[in-house]
Amino acid sequence: MEQYVVTGMTCAACQARVEKAVMKVDGVSSCSVSLLTNSMGVEGTASAQAIIDAVEQAGYGASLKNTGEHTGGEERSAGSFSARLAAEEDALKDRTTPMLRKRLIASIVFLLILMYLSMGHMMLGFPLPSFFDDNHVAMGLAQLLLAGIVMVINQRFFISGFRSLFHRAPNMDTLIALGSSAAFLYSTAVLFLMTRAVTDGDPEAVMNYMMEFYFESAAMILTLITVGKMLESYSKGKTTSALKSLMKMAPQTATLLQGGQEITVPVDQVRVDDLFVVRPGETIPVDGIVLEGSSAVNESALTGESIPADKEPGDEVSSATINLSGFLKCRAVRVGEDSSLARIISMVSDAAATKAPVAKLADRISGIFVPAVIAVAAVTIVIWLLIGREFGFSLARGICVLVVSCPCALGLATPVAIMVGNGIGAKNGILFKTAEALQETGNIRIAALDKTGTITNGEPVVTDLLPVDNVTEEELLQSACALEQKSEHPLAKAVMAYGRAKGVTVSDTEKFEIFPGNGLKAAVQGTYLYGGNDEFIRSYAIIPETIRDTARNLAKQGKTPLYFAQENRILGIIAVADTIKQDSAEAIRELRNMGIHVVMLTGDNQQTAEAIGALAGVDEVVAGVRPEGKEEVIRKLKEYGKVAMVGDGINDAPALTRADIGIAIGAGTDVAIDAADVVLMKSSLKDAAAAIRLSRQTYRCIIQNLFWALIYNTLLIPIAAGALVPLGITMDPMFGAAAMSISSFCVVMNALRLNLFKLYDTSHDKKRNTQLLSDGRRTLLEQIDVSEQEKKGGIEMTKTIKIGGMMCEHCEARVKKTLEALDFVESAVPSHVENTAVITLSGDFDEAAVKKAIEDQDYSYEGEL
C-alpha cells in the first residue's frame, strides 16, 4: 500500500470526494482516505503522479509520504526507517489547533464588539458613543464592517466551501459559507433599504429594518464553528497520541564495537551483523541477539508487560526496550524498517489508513448529505415564502438548516474510534493490522487454537520424577542424565535441562548406542544403563505392574513416560511433556465466557490431545491433524460462523490466512505474523481474549457515534427548518451553529472514553448466541463430517493397525508423515501409548506398502486389529 498526505479536507464529504476521484484513475484497485490523519492509502499499479493529479483536480492537495524505501540486502541500515519516522511525525504534528486558536481569539474580539452594538444596546440598553445617537445608518455600517472583519479572519471556510461547490462536490465548509454569506448579503441589502427609509424620513420603517439585521448571526456562525473546529482538532490530536508515543520511543544513537573500540553513532548507521553494546539504563537501539552478558530488560514499551524479561546469551532483544541491570554485547539482526518498533509503528499507521466495514455506511451517507442539505434549505425558504411569511424569516430558517447540519460528526464517527482502539491495543502489545480486523475480531464465534506454542510452551520439560523403592531421585536423575547426554532427541534435551537445573553431576559414558524409536543404552564404569519405552526396557529388566500402571496414567495425562534401568534393575520413570502455559486455561475460560466455542488443533494422538484439552478446558479437540489439514479444519468450522485461528508457526500460516481473523503469537515465526490480521506481542493467550474484548468495545463506540450523528441530524434539521414554529419554537442560526460544533466535539470525546477501557477486566464480558451443536453431536467437526458423509451417501473406511517401536510424540509424527505419504491414505492418527495407528483410506488398502513404509523407518508392523 502506497501512502499519501492529503491536504484541504475538512469533512466526510471531502473524504468521499477524494476517494471517488482517485478510484477513477486507471490502475487503482483500492483507495482508503482518513480524515482523521489526513492520509490516504492506495493499492494498484497507477503512478504516484497520476494519483496526485487526480486529488488536485478534485480541489485538494496531495503528496507522497516519505516511506524511506531502501534496498541493499545485508547493507540495509536504519536510515530508511528514520526518514519515514520523521515524515510520519511531521504528518501527525498538530498544526491546525494553534492556527484555529489564533483565528478564534481574533474572531471573539471583533464579535464581542459586534454583539455589544447589535444586542447590548438594542436589547439591554447598554450605552453607545454619541456619534451613534439616532444614527442608524452608522450603526448598520459598523455592524457590516465588524462582521466583514470576522468573515475575512475565517476566510478559509469561504475559500474551501465555494471551491468545493465549483467542483460540484460541496462539503461542510460549503454549508457554513452559504449560511454565513446569505446572512451577510441579506443584512447588507436591508442596510441599503434602511438608508432609503432614512432619506424618506420614515422612522418606523427604519426601526423595522434594524430588526432585520443578521450581521451578528453571520459572524457568530463562523466564530462558533471555529470553536467547534478547534476543540475537534485538539481532540483528534489526542486520538493519535499512542502512535506519537511509539515514534518518540525510537532510539537515536547506538554504541558500536569497531576494531575493539566503542563508537557512538546515529542509529541510522547501524547495519545487520554489527556488534553493539548496551549498558544499564540505556535503550537497546536495534533488534539483536545477546552474545555476552546477562540482564533484565524492560519490554513494556512494546509488549505492555510490566515485569522485566531476563536476557542471556542466545536470547533476542528488541529495539526501544530498556536494559535495566547488566552489560550486554549483542549482534544486530534487524535494523531500520525491519526492527520490532518499526513493524509496530507500521501496523498501527497502516491500520489508521484503512477503513472498517461500518465506515462505508457513513461514507455513502456523507456523499449525498451536503447536496441534500442545500436542497432542503432551499425548499425550506420557498415553503415559508409560499405560506406567506416575510423573506427575512424564511431566509433565517434556510440559514439555520445549512449551519445546523453536521456531516463532520458522521465522518469522524468511525475513524476516531478506530484510532483510539488501535492505540490502546498497541500500548498493551495487541496490534491490529487493519481497521476491518479491529471491527471483526469481536464478531468471532469459534476460536481455533494451535496447541504447540500457543496453549503450551512448545518445549518438552520434565514433569514427574518417579524413582522405585530404594532408589533416590538424585540417583535416578544422575543415571538418566548420564545416559541421555549424547542424544539429540528432544526428550533427552528436556531431561538434560532438568538435570542441569538440579545441579546434577554427569558421569562419562562409553559404548553409547541408540535404538531408533525404542531407546538407548550406555555403560558407566562397566555398568550398563538403559532408557526407553516399555517394550525396550522389558527386554533388559522386569517392570512391576504398579510401575506400568503409573506409566499408563501419565500417558493419559498427555505425558511421555521414559523408563530407566541399571543392568536388570528398574530405576524408575521420568515423565516428559509439553506443559500448558500458566495463563492458557484462564484465557480459554475467558473466551468461553464470551460465548466463543474453543477448538484445539494438534498433531498429537487422540489420547494425549484429549488429556491436554481437558487441562486447558477447551470445548473440542482435533487430534492427528497435519499442517495442511489445519486449513481444511478452519474451512469446515467456518460453516458455523466467523472463525479466529491463533497460531505461531510456519505451518499455521495457511490456517491463519483461511480464518476470518488470523491471530499470531508474537514470539512466533515471521511467516505466521505476516499471514495474521492481529499480532500478540506478549505471546500470551489472554491477549487473544483482550483483543476480542477491545474489538467489541470499539465497535460499540462506533455504533454510539453513528447513532449520535444520525439522530442529531434527524432531529435538528426539521427543528431548524421550522417544524416547531406552530408551537412558538424557532431556532436562531447562532444556536444552530453552536449545536453543530457540539455535535462533532461529542463524537470525538465519546471515542476518547475508550482510553478508560480496562482490557483485562472480565466483569462485563457477555455471551452471544453460540448454539452451534445440534442433533446431539459432541463436536462441530463430528457434526460437519456426518453431514458431508450423508451427502456422499456413505461412511469413509478406516483401519487400525498395530505398530511397534513408537515411544514419544516425535515418533508419532514420523509415523504419521510416513503413512500419509501413501497414495491410498487420507489421514493417519498414531498413538505411541496404544502402539496403534488409525488410518482413514481414500483408496484400496495395500498392506504390503504399509508394512514396507513402517519398517523403512525402523518401526515394526504387527498387522491389523
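The legends below describe close-up views of a predicted model.

**View 1. The largest nonpolar core has 138 residues.** Val 18, Val 22 and Met 40 have the most contacts inside this core. Helix α27, residues 686-721, gives the most to the core, with 15 residues. A separate core of 57 residues lies apart from it, and includes Tyr 530, Ile 547, Tyr 563 and Phe 564. In soluble globular proteins, nonpolar side chains tend to be buried together.

**View 2. Met 40 and its contacts beyond four places in sequence.** On one side of Met 40 in sequence, the partners include Glu 2, Gln 3, Tyr 4 and Val 6. Val 18 and Val 22 also touch Met 40.

**View 3. Phe 158 and Phe 162 form a stacked aromatic pair.** The ring centres are 6.4 Å apart, with 25° between the planes. The angle counts as stacked because it is under 30 degrees. Both residues lie in helix α6, residues 155-166. They are 4 residues apart there, so about one helical turn separates them. Phe 158 is buried, at 13% relative accessible area. Phe 162 is partly exposed, at 24%. The structure holds 10 aromatic pairs.

**View 4. Five rings form one aromatic cluster.** The members are Phe 515, Tyr 528, Tyr 530, Phe 536 and Tyr 540. Lys 521 lies over the face of one of them, Tyr 528, at 5.4 Å from the ring centre. Tyr 530 also belongs to the core of 57 residues.

**View 5. Arg 103 lies over the face of Phe 157.** The distance to the ring centre is 5.1 Å.

**View 6. Arg 548 and Asp 534 meet in a salt bridge.** The N to O distance is 2.9 Å. Arg 548 lies in helix α21, residues 545-556, and Asp 534 in helix α20, residues 534-538. The pair therefore ties together parts that are 14 residues apart in sequence. Both Arg 548 and Asp 534 are buried.

**View 7. Lys 638 and Asp 660 link two loops through a salt bridge.** The N to O distance is 4.0 Å. Lys 638 sits in the loop between α24 (627-637) and β24 (643-647). Asp 660 sits in the loop between α25 (653-658) and β25 (661-665). The pair ties together parts that are 22 residues apart in sequence. Lys 638 is partly exposed, at 31% relative accessibility. Asp 660 is partly exposed too, at 28%.

**View 8. Lys 682 and Asp 687 meet in a salt bridge.** Their side chains are 3.7 Å apart, N to O. Asp 687 is buried, at 1% relative accessibility.

**View 9. Shared partners join six charged residues into one salt-bridge network.** The network holds Asp 534, Arg 538, Glu 545, Arg 548, Asp 549 and Arg 552. It takes in the Arg 548 and Asp 534 pair. In total, the count comes to 30 salt bridges.

**View 10. Glu 812 is buried yet has no salt bridge.** Glu 812 is found in helix α30, residues 809-820. The nearest side chain of opposite charge, Lys 451, is 8.3 Å away.

How values were computed:
Residues numbered from 1 in each chain as written. Predicted model: local features only at pLDDT ≥ 70, side-chain atom pairs only at ≥ 80, totals over all residues. Heavy atoms only, no water. Core = buried A, V, L, I, M, F, W, Y, C linked by side-chain atoms within 4.5 Å. Buried < 20%, exposed > 50% of the residue type's maximum accessible area, 1.4 Å probe, protein only. Contact = heavy atoms within 4.5 Å. Phe/Tyr/Trp six-rings, centres within 6.5 Å; stacked < 30°, edge-to-face > 60°. Lys NZ or Arg CZ within 6 Å of the ring centre and 35° of its normal. Lys, Arg positive; Asp, Glu negative; His and termini not counted.
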